[in-house]
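Here is a short report on a protein and its ligand. Look at the model first, then read on.

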Amino acid sequence: MPDAITENDPGRTVLFLNGPNLNLLGVREPDKYGSTTLREVEETVAKTLSAHGLAARFVQSNHEGVLVDAIHAARTECGAIVINPAAFTHTSVALRDAIAAVALPTVELHITNVHRREEFRHHSYISAVADAVIVGAGTHGYVLAALHVAHLLLG
Ligand code: CA2
């Protein structure tokens, strides 16, 4: 059994960050984004991490500055970041700079295969500062990201 997990063990806490409109996951557009809610995804991720002795911190916001602040807080409070920046993927130099500044292991994740979608979704400001990118695996991608972070942190 892993040791007891506390949110204030920075090296063992993973920040899961979700950007704008992802609060609607499982509620709207299920044909595109699936029928699993963000709460359900978070529960599955928490179980996956817990099996590896890791804890999760979940933040979803529709506001770019809130996401930047959560990344800054992760610098001293978390050991890794998983981020689905949603539409900010394609626009945000601020998120990219924040991720580069905190220099934590970072996984970028997209539910859909952005490369199969509109041209404007093909470019990510985030990918160049991420250690890994997961696209097109649906909400299962969050579990894949959790497993990859466990691998990065624990070997
Ligand atoms: O595929 C992804 O995960 C995206 O990051 C989702 C973003 C989109 O702008 C990116 O290009 C790709 C959109 C998130 C919107 O989330 C919704 C969820 C349910 C219903 C409506 C929107």
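The ligand sits in the largest pocket. Keep in mind that this model is predicted.

**Around the ligand**

Which residues come nearest to the ligand? Of the 17 residues around it, the nearest are Asn-84, His-90, Ile-111, Thr-112 and Arg-121. Sorted by class, this shell holds nine nonpolar residues, five polar ones and three charged ones.

**Polar contacts**

A polar contact here is a pair of N or O atoms within 3.5 Å.

| Residue | Protein atom | Distance to a ligand oxygen atom |
|---|---|---|
| Thr-112 | polar side-chain atom | 2.5 Å |
| His-90 | N or O atom in the side chain | 2.7 Å |
| Ala-87 | polar backbone atom | 3.5 Å |

How much of the ligand does the protein bury? Taken alone, the ligand exposes 510 Å². The protein buries 95% of that area.

His-90 and Thr-112 are among the nearest residues.

**The whole chain**

Now step back to the fold. The protein chain has five helices and five strands. From the N terminus on, the order is β-α-α-β-α-β-α-β-β-α.

The C-alpha atoms fill a box of roughly 45 × 35 × 25 Å, taken along the principal axes. Does the radius of gyration point to a compact or an extended chain? A compact globule of 155 residues would have a radius of gyration near 15 Å; the protein chain has 14 Å, so the value agrees with a compact globule.

Conventions. Residues are numbered from 1 along each chain as its sequence is written. This is a predicted model: local features need pLDDT of at least 70, side-chain atom pairs count only at pLDDT 80 or more; totals for chains, interfaces and linings use all residues. Side-chain values use heavy atoms; hydrogens and water are left out. A residue is near a molecule or strand if one of its heavy atoms lies within 4 Å of it. A polar contact is a pair of N or O atoms within 3.5 Å; within protein, one must be able to donate a hydrogen and the other to accept it, and residues adjacent in sequence count only if both atoms are side-chain atoms. Accessible areas come from the Shrake-Rupley method with a 1.4 Å probe; for residues, only the protein chains shown count as cover. On a 1 Å grid over the protein atoms alone, a cavity is a set of points where a 1.4 Å probe fits but cannot get out, and a pocket is an open set with protein on both sides within 12 Å along at least five of seven lines; lining residues have an atom within 4 Å of a point. A molecule sits in a cavity or pocket if more than half of its atoms lie within 2 Å of its grid points. Ala, Val, Leu, Ile, Met, Phe, Trp, Tyr, Cys and Pro count as nonpolar, Asp, Glu, Lys and Arg as charged, and the others, Gly among them, as polar. Helices (H or I, at least four residues) and strands (E, at least two) are DSSP runs, numbered from the N terminus. The radius of gyration is taken over C-alpha atoms; the globule rule is 2.2 Å times the number of residues to the power 0.38.
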